[in-house]
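Reader: I have a chain on screen and want to go through its fold step by step. Can we take it in short questions?

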Amino acid sequence: MGGTQRTCVQCGAVAEKRRLLRIAGRPGEAWAPDPEGRLPGRGIYLCREGGCIGRFAARIRTRKGGARWKMGDGGMELADRLAAMSSDEA
Ligand SMILES: [Zn+2]
């Protein structure tokens, strides 16, 4: 049977957890990309393809988006890391 399903927070697509990019962290404190799905904490999931990573990065750069996702002080750094990952897409 399939693995655990998660929903992309950007587009709402449902997929197996391992097919999505996990962002791990603690709301209001620190978040980090977790491509292997091994870091502790809460998880935010995004499609690995299709532009969801880049669009989410743009959202959390805004005051409203950063607050919505409780990015805390590290939100801009996370956005930079996600944008870099997004631009690596084929
Ligand atoms: Zn998506």
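Reader: What pattern does the protein chain follow, read along the sequence?
Author: This is a predicted model. The chain has three helices and five strands. Read along the sequence, they give β-β-β-β-β-α-α-α.

Reader: What is the radius of gyration of the protein chain, and what does the globule rule give for 90 residues?
Author: The rule gives 12 Å for 90 residues, and the chain comes close to that, so it is as compact as a globular protein of that length. Its C-alpha trace spans about 40 × 30 × 20 Å along the principal axes. The radius of gyration and the rule's value are 12 Å and 12 Å.

Reader: In what order do the strands of the open sheet stand?
Author: Three strands form this sheet, with antiparallel pairing. Strand 4 (30-34) and strand 5 are at the edges with a single partner strand each, so one side of each has no neighbour in the sheet. From one strand to the next, the twist averages 25°. The order is 4-3-5.

Reader: How many bridges join strand 3 to strand 5?
Author: The two strands pair in the antiparallel sense. Within this pairing, L21 stands opposite L46 in strand 5. The number of bridges is six.

Reader: Which residue in the hairpin of strand 3 and strand 4 takes a positive phi?
Author: Strand 3 and strand 4 run antiparallel and are joined by five bridges. R26 has A30 in strand 4 as its bridge partner. Three residues lie between the strands, and the one with a phi near 85° is G28.

Reader: Which residues of helix 1 are buried, and over what arc do they lie?
Author: Helix 1 covers residues 52-61, and its buried residues are C52, I53, F56, A57 and I60. They sit on the same side of the helix, because the arc they cover around the axis is only 135°.

Reader: Which residues is L46 in contact with, leaving aside its neighbours within four places in sequence?
Author: L46 is among the core residues that touch the most other members. Its contacts include L21, which also stands opposite L46 in the strand pairing. The set is C8, V9, Q10, L20, L21, C52, I53 and F56.

Reader: What share of contacts between residues at least 6 apart joins residues at least 24 apart?
Author: The contacts counted are those in the protein chain between residues at least 6 apart in sequence. The share that joins residues at least 24 apart is 47%.

Reader: How does A84 count: buried, exposed or partly exposed?
Author: A84 has its place in helix 3. Its C-alpha atom is separated by 23 Å from that of R6, 78 residues apart along the chain. A buried residue needs 20 or more C-beta neighbours within 10 Å, and an exposed one has 12 or fewer. A84 has 13, so it counts as partly exposed.

Conventions. Residues numbered from 1 in each chain as written. Predicted model: local features only at pLDDT ≥ 70, side-chain atom pairs only at ≥ 80, totals over all residues. Helix = DSSP H or I, 4+ residues; strand = E, 2+ residues; numbered from the N terminus. Arc of directions from axis to C-beta. Pairing = 2+ DSSP bridges. Axes fitted to C-alpha atoms, helices over the stretch in contact; angles between N-to-C directions. Core = buried A, V, L, I, M, F, W, Y, C linked by C-beta atoms within 7 Å. Contact = placed C-beta atoms within 7 Å. Rg over C-alpha atoms; globule rule 2.2 N^0.38 Å.
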